[in-house]
Amino acid sequence: MATVSDVGRELVPVLVSAGVVFPDDELALILKAASGLPATALTSNDVLGPRAVSEARRMVRRRAAGEPLPYVMGTVEFRTLELAIGPGAFIPRAMTGAVVDRAVAALPPDGVIVDIGTGCGAIAFAIAAERPDVQVLASDISDEALKWAAENRLRTGLEVGFFLGDLFEPFPVDVRGRVDVVVSNPPHVPAGAGSSLPRDVVDHEPGVALFAGPDGLSIINRIAAEATNWLRPGGWLVSELGDSQGEDVTRHLDSLGYSDIAVHLDDASRRRVIEAQWKEVGRRL
């Protein structure tokens with residue numbers, strides 16, 4: 001038997017040697033996952049059983065080898081939800097909550113929203129949790145990612161319809177032209193900019209969820225163009241983007257016929273969220 005303090009003396013140096021920036025905080029989360037107890041409930045003198053200690057050692061080895069902490073833990077917190085996550089799905093970040101805020105604000109009562117590139121379903125489930133009156137549909141091109149989304153549907157009990165395919169292609173034709181909000185956190189990193197990302201991101205998270213052509217805009221530009229065929233008149237497009245991409249995306253949206261285009265700050269005061277309204281029925285592409 002070992003106390004939390006004993007385990008810390010053994011495993012914190014392992015994380016430090018691996019370059020983990022906040023080793024004590026990460027170990028607390030690992031011990032939470034390994035023991036099944038809230039991190040706030042564990043004190044330095046608490047005794048951990050052999051199984052919990054063994055699991056903590058295994059998880060620390062994975063983290064020290066460079067695997068992202070949420071993959072190691074098997075869960076990630078997003079808004080009010082704790083979601084299952086693992087290899088094959090992009091890890092949702094807290095900053096994407098600003099996208100959810102704008103999308104929720106744009107939704108009318110009993111509206112329809114589609115989430116493009118849903119991954120593990122973070123945006124879709126957050127909206128379903130906060131707006132139970134709306135219909136939430138979501139798509140992703142990766143069947144691996146949608147396996148996590150399916151697990152999270154069971155985990156949360158929230159009603160979200162998931163569809164495997166490219167962007168809007170798999171959605172039912174009966175929602176075409178009557179979607180109130182299109183929301184997305186699309187891949188937006190330029191293909192040659194991988195070196196600017198942390199190693200655990202580049203080495204482990206799916207490239208299809210990160211990179212989008214030489215300028216990082218190929219997917220968001222496609223979403224904007226195709227959304228004109230799915231949005232109702234007066235519907236909204238809300239998307240995350242890179243903090244230097246606002247002007248380029250604004251110009252593209254304007255050329256497609258969107259109006260009321262605005263770039264908003266995320267929780268870190270970066271220009272990472274864009275929204276625009278679709279009004280021009282005669283210009284559907």
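Tutor: Let us begin with a definition: a residue is called buried when its relative accessible area is under 20%, exposed when it is over 50%, and partly exposed in between, with a 1.4 Å probe and protein chains only. This is a predicted model, in which local features need pLDDT of at least 70 and side-chain atom pairs count only at pLDDT 80 or more, while totals for chains, interfaces and linings use all residues. Residues are numbered from 1 along each chain as its sequence is written, and side-chain values use heavy atoms, with hydrogens and water left out.

Student: Why is R63 called buried?

Tutor: The relative accessible area of R63 is 12%, and the limit for buried is under 20%, so R63 counts as buried.

Student: What makes the pair R63 and D200 a salt bridge?

Tutor: A salt bridge is a side-chain nitrogen of Lys or Arg within 4 Å of a carboxyl oxygen of Asp or Glu. For R63 and D200 the N to O distance is 3.5 Å, and the pair therefore meets the rule. The two residues belong to distant parts of the chain, R63 to helix α3 (residues 50-64) and D200 to helix α8, 137 residues apart; helices (H or I, at least four residues) and strands (E, at least two) are DSSP runs, numbered from the N terminus.

Student: Why is D200 called partly exposed?

Tutor: D200 has a relative accessibility of 21%, which falls between the limits for buried and exposed, so the word is partly exposed.

Student: What makes the pairing of E205 and R93 a polar contact?

Tutor: A polar contact is a pair of N or O atoms within 3.5 Å; within protein, one must be able to donate a hydrogen and the other to accept it, and residues adjacent in sequence count only if both atoms are side-chain atoms. The side chains of E205 and R93 make such a contact at 2.7 Å. E205 is found in the loop between α8 (199-204) and α9 (218-227), and at 4% relative accessibility E205 counts as buried.

Student: Why are the buried residues of α9 said to line one face of the helix?

Tutor: In α9, I219, I220, I223, A224 and A227 are buried. Seen down the axis of α9, these residues fall within an arc of 135 degrees, so they line one face; the arc is that of the directions from the helix axis to the C-beta atoms. An α-helix has 3.6 residues a turn, so residues three or four places apart point the same way. What covers the buried residues of α9 includes β5 (112-116), β8, β9 and α10 (246-256), where contact means heavy atoms within 4.5 Å.

Student: What makes a set of residues a nonpolar core, and how many residues has the largest one?

Tutor: A nonpolar core is a set of buried Ala, Val, Leu, Ile, Met, Phe, Trp, Tyr and Cys residues joined through side-chain atoms within 4.5 Å. The largest has 38 residues, and I127 and V183 are among those with the most contacts inside it. Its largest share, seven residues, comes from α6. Apart from this core lies another, of 29 residues, among them F171, L237, Y258 and I274.
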